[in-house]
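Dear colleague,

Please find below the structure that I am passing on to you.

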Amino acid sequence: MSDLVIQIKELIIDSLGLEDITVDDIGDDMALFGDDGLGLDSVDALELGLAIQKNFGLQMENDSSKLREHFFSVNSLASYIQSKH
């Protein structure tokens, strides 16, 4: 696992208060939202987006369809963050 992937997983757990979940419980390509993945909701998305902006110094795009793609999984978030640096 890359350092960035681990960092994103830790950020998800810490920023959303997911006390019952470890880094190993979150698959790199697991869907973060919806019933067939981690099960995050729209409030979680907002909190996670703010945490990512703060931790990585990014400004999120306003295009919701693009953001949905970026926030699909840990790997898609890692790719998005790398593309912005």
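**Pocket lining and helix packing**

Helix 2 (42–56) and helix 3 (64–70) each contribute at least two residues to the lining of the largest pocket. Please bear in mind that the model is predicted. Helix 2 provides the largest share of this lining, with five residues. The volume of the largest pocket is about 320 Å³. Its lining comprises 14 residues, of which Phe33, Ala45, Leu67, Arg68 and Phe71 are the closest to the centre of the pocket. Sorted by class, the lining of the largest pocket consists of 10 nonpolar, three polar and one charged residues.

I turn next to the packing of the helices. Two packed helices are described by the angle between their axes and by the distance between those axes.

Helix 1 and helix 2 pack with their axes 10 Å apart, at an angle of about 130°. The crossing in which helix 1 passes helix 2 is right-handed. On the side of helix 1, the contact is made by Leu4, Gln7, Ile8, Leu11, Ile12, Ser15 and Leu16. On the side of helix 2, the residues concerned are Asp44, Glu47, Leu48, Ala51, Ile52, Asn55 and Phe56. By class, nine nonpolar, three polar and two charged residues make up the contact of helix 1 with helix 2.

Helix 1 also packs against helix 4. The axes of helix 1 (residues 3–16) and helix 4 (residues 74–84) come within 9 Å of each other and cross at roughly 115°. Helix 1 is therefore roughly perpendicular to helix 4, as angles of 65 to 115 degrees are counted in that class. Here, too, helix 1 passes its partner, helix 4, in a right-handed crossing. Leu4, Val5, Ile8, Lys9 and Ile12 of helix 1 meet Val74, Asn75, Leu77, Ala78, Ile81 and Gln82 of helix 4. The contact of helix 1 with helix 4 has, by class, eight nonpolar, two polar and one charged residues.

Leu4, Ile8 and Ile12 of helix 1 take part in the contact with helix 2 and also in the contact with helix 4.

With kind regards

Terms used: Residues numbered from 1 in each chain as written. Predicted model: local features only at pLDDT ≥ 70, side-chain atom pairs only at ≥ 80, totals over all residues. Heavy atoms only, no water. Axes fitted to C-alpha atoms, helices over the stretch in contact; angles between N-to-C directions. Helix = DSSP H or I, 4+ residues; strand = E, 2+ residues; numbered from the N terminus. Parallel < 35°, antiparallel > 145°, perpendicular 65-115°, else oblique. Left-handed = near helix turned anticlockwise from the far one by under 90°. Contact = heavy atoms within 4.5 Å. Nonpolar A, V, L, I, M, F, W, Y, C, P; charged D, E, K, R; others polar. 1 Å grid on protein atoms, 1.4 Å probe; cavity = no way out; pocket = protein on both sides within 12 Å on 5 of 7 lines; lining within 4 Å. Points joined across faces, edges and corners; volume = space filled by probe spheres on them.
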